[in-house]
Amino acid sequence: MAFAVYSMKSLTIKNIESIMEGIASEHPQINTVLKGNVWDVDLTKDVTGVYLIYEVTNIAPNGFNGIDYSLDVFLCDNVTEINTATNEVSVQNECSLIALDMMSIFENYNKASWADKDLNLVLNKTWSVQPFTERFDSLYSGAAVNVSLSTSYGYARCQVPTAAPINLESPIVSGITERGETLACTEGVWQGVGVITYTYQWRRNFANIEGATDTTYTLVYQDDNAFISCNVTATDSSGTTTKLSNVVGAVLAAPYSLFAPIVSGTFRVGETLTSSEGVWQGIPTITFAYQWRRFGINIDGETTNEYTLSNGDYNTAIDCVVTATNSLGVSSADSNDAIIQGIIPIISGLPFITGVVSIGRVLTANAASTSGFPTPNTTWQWQISNDGVSGWANIEGETEQTYLITLSDEFKYIRVSQIETNAEGTDTASSLSTTEIGEYVLVWGALSVEAWGDTTVDNWG
C-alpha cells in the first residue's frame, strides 16, 4: 500500500502526533485523529471499525540534559459477541498488520533523518508489537506497539503533550422544578492531571443566568416554564473542559404578577370603574377573583371586575385587589388607586322670576332644578338691559334672591342669573327677561299714588 513521505527533521512529541495524523490520512483503514489526553483514531474507513489509541506512558528524565519518551500505541477493534474467540484472533491479527504497516514508515527512514540539530532528538528503533485482550473493555482487543525517542540535551525545551480534563460521567442536576425550589448540580466524574477544580454556570433555556455560579440554584419567576441546566467546567494543570448537565423542566410555578391590575373609567361619583386582571405567569389554568376597596378596606359585596361609584366614595381612594389561583398556589396584586371626584353642577332648565314688574315692587328669583355632588351652593345675580335682548349688565350689589325695582330701572328690562357652585365646578343659567319696567304718576294733593303700566309676573317666562 502507498504511504506519503513526511518530513521528520524537527521531531518532537507533536511531530509524532503529526505523523499519526499523516498515517491516518493515508492508511485505508484510518479516518481521523481526535486529540485529547488519549488520542483516538477512528478507523471507520474499514468495515471492521478498528480503533487506534496512543498515549504517553512514560516520561523519564535522563539527568539534567536529557529525557526519554516512551509511547504505547494501541490499535483495537470491537469484538463481536458471537464466536468471540475466533473473532478476537482475527481482530488481533488485523490490528498487528496495521501496526507493522505503521512502524515500517519509521523503519524506512535513516536515523539521522529524525534528528533535530538543536535538540539532538532522535527516534529509537527499538519497538515491539504485542497482542492484547480486554485492554479497554471486554469487547475490545488488538495490538500494542511500543515506540521510544530521546533527546540528549535541551530537556527544558522538550514539549510534553498535555490535555484538559476528560469527563467520564456528566454532571447531574436534581431537585423539584418549581419556582422557589432549589436545584443542585454534581460535578460529575472527571479524569485529569493532579488536582481538578470545578466552576458552575447555571443556564436558562441554554443561555447563561447572570450570577448563578454556585453548586445550587434557587428557581425564580424568570424561570417559569423554562428549562434549566448547568455547565460544569473542570480545570487542572493541563487545561480546561466544560460539560453540560442534564436538562430539567419546564419549571412549574404558582401565579406571579408581572404587571399589576389597572382600574380604568371616569373617577367620578356615579360612574362605573373596571379592573383588568393584570398580567400573570404560572402553570395553567389561572383563575381570578376581585375585591374592591375604599381606603384599603374591603367594600362588602363588591367582588366583580366592575364597581359603580356612590356618594360615599367621593374624595376617597378606590382600588381593586385581584387574586390569581392555580393548582400550585395563590397570589394577589393591588391595582392603581382611583381618587374619586364629585359631580360638576348641572342646571336643568331656566330659573324664573315672580312678582309685579313695576317701580317700587319686589321681584323674586326661583331656581331651576340642579344636580351635582357635593350639593351645589346657589347664588344669584340680577341683570339689566336696555332692550331685553342684548347688552345685559350686572346690577352691582344685587346678589340676593329678591330685587326691588327702582326709578332708575324705568323703561328697562330685568333678568336674573342662577349660579350653582361646588368643589368640582360651576354652572350658570339666566331667566327670561321681564317686560319693560312701567311708568308711575305721583298725585300729591290727593295723598295717593296712581300707577299705570303695572305688570304682575307669576311664574313668568
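1. Two strands are taken to pair if DSSP finds at least two bridges between them; strands are DSSP runs (E, at least two residues), numbered from the N terminus. On that basis, strand 8 and strand 9 (residues 182-185) pair in the antiparallel sense over two bridges. Within this pairing, Ser174 stands opposite Ala184 of strand 9.

2. The model is predicted: local features need pLDDT of at least 70, side-chain atom pairs count only at pLDDT 80 or more, and totals for chains, interfaces and linings use all residues. Residues are numbered from 1 along each chain as its sequence is written, and side-chain values use heavy atoms, with hydrogens and water left out.

3. Val220 is located in the loop between strand 13 (216-218) and strand 14 (227-236). Val220 is in contact (heavy atoms within 4.5 Å) with Arg179 and Arg204, not counting residues up to four places away in sequence. The C-alpha atoms of Val220 and Glu178 are separated by 8.8 Å, although these residues are 42 apart along the chain.

4. A further open sheet of three strands has the order 18-19-23 and antiparallel pairing. Its edges are strand 18 (263-264) and strand 23 (306-308), each pairing on one side only. Strand 19 (residues 272-275) is joined to strand 23 by three bridges; the bridge partner of Leu273 in strand 23 is Tyr307.

Terms used
Helix = DSSP H or I, 4+ residues; strand = E, 2+ residues; numbered from the N terminus.
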